Amino acid sequence: MNRKFGIEIEAYGVTKIDINTALNAAGIVCHIEGYNHETRPHWKIVSDASLSGDMTFELVSPILEGANGLEQVMTVGNVLERLGAKVNKSCGLHVHI
């Protein structure tokens, strides 16, 4: 599979610094940025004013492709779960193909 895709994960309950540190330690290049709609070559953590809860964030992937892209998504999901990230009815998961 070589289809290109991207994801946006909205959640809360973990600091952006903790997410950034853990993802980079897991081999996922990630940066904390201000709110923007720019496509980056790395994962980015941005704010999202539509979310409710403490320490909200949106984690946006770069353009991903194939098995490597799916592996990155799995790694990111595992890191967020390990850190205790939470979701509520204000959160969503967006997939762009």
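The buried residues of helix 1 pack against strand 2, strand 3, strand 4 and helix 2 (66-83). Buried here denotes a relative accessible area under 20%, exposed one over 50%, and partly exposed a value in between (1.4 Å probe, protein chains only). The buried residues in question are Ile19, Asn20, Ala22 and Leu23. Helices (H or I, at least four residues) and strands (E, at least two) are DSSP runs, numbered from the N terminus. The model is a predicted one, in which local features need pLDDT of at least 70 and side-chain atom pairs count only at pLDDT 80 or more, while totals for chains, interfaces and linings use all residues. Residues are numbered from 1 along each chain as its sequence is written, and side-chain values use heavy atoms, with hydrogens and water left out.

The chain contains 2 helices and 6 strands, arranged along the sequence as β-α-β-β-β-β-α-β. Its radius of gyration is 12 Å, close to the 13 Å that the globule rule gives for 97 residues, so the chain is as compact as a globular protein of that length. This radius is taken over C-alpha atoms, and the rule is 2.2 Å times the number of residues to the power 0.38. The C-alpha trace spans about 35 × 25 × 25 Å along its principal axes. Of the 97 residues, 40% are buried. Contact means heavy atoms within 4.5 Å; among contacts between residues at least 6 apart in sequence, 67% join residues at least 24 apart.

The chain exposes about 5700 Å², of which carbon and sulfur atoms supply 54%. Accessible areas were computed by the Shrake-Rupley method with a 1.4 Å probe, and for residues only the protein chains shown count as cover. The mean positions of the 8 positive and 11 negative charges are 1 Å apart. Lys and Arg count as positive and Asp and Glu as negative, whereas His and the chain ends are not counted; each charge is placed at NZ of Lys, CZ of Arg, CG of Asp or CD of Glu.

Helix 1 is followed by glycine 27, whose phi is positive, near 90°. Isoleucine 28 lies in the loop between helix 1 (16-25) and strand 2 (30-32), and is buried at 5% relative accessibility. Not counting residues up to four places away in sequence, isoleucine 28 touches Leu23, Trp43, Gln72, Thr75 and Val76. Its C-alpha is 14 Å from that of lysine 16, a residue 12 places away in sequence.

Two further loop residues were examined. Tyrosine 35, in the loop between strand 2 and strand 3, is exposed, with a relative accessible area of 52%. Apart from neighbours within four places in sequence, tyrosine 35 is in contact with Val46 and Ser47. Methionine 55 is in the loop between strand 3 (43-46) and strand 4 (57-60). Although not a glycine, methionine 55 has a positive phi of about 55°; the residue is partly exposed, at 43% relative accessible area.

A search of the whole structure for disulfides (a pair of cysteine sulfur atoms within 2.5 Å) returned 0. For cysteine 30, the nearest cysteine sulfur is that of cysteine 91, 17 Å away. This separation is too far for a bond. Both cysteines count as buried, cysteine 30 at 3% relative accessible area and cysteine 91 at 18%.
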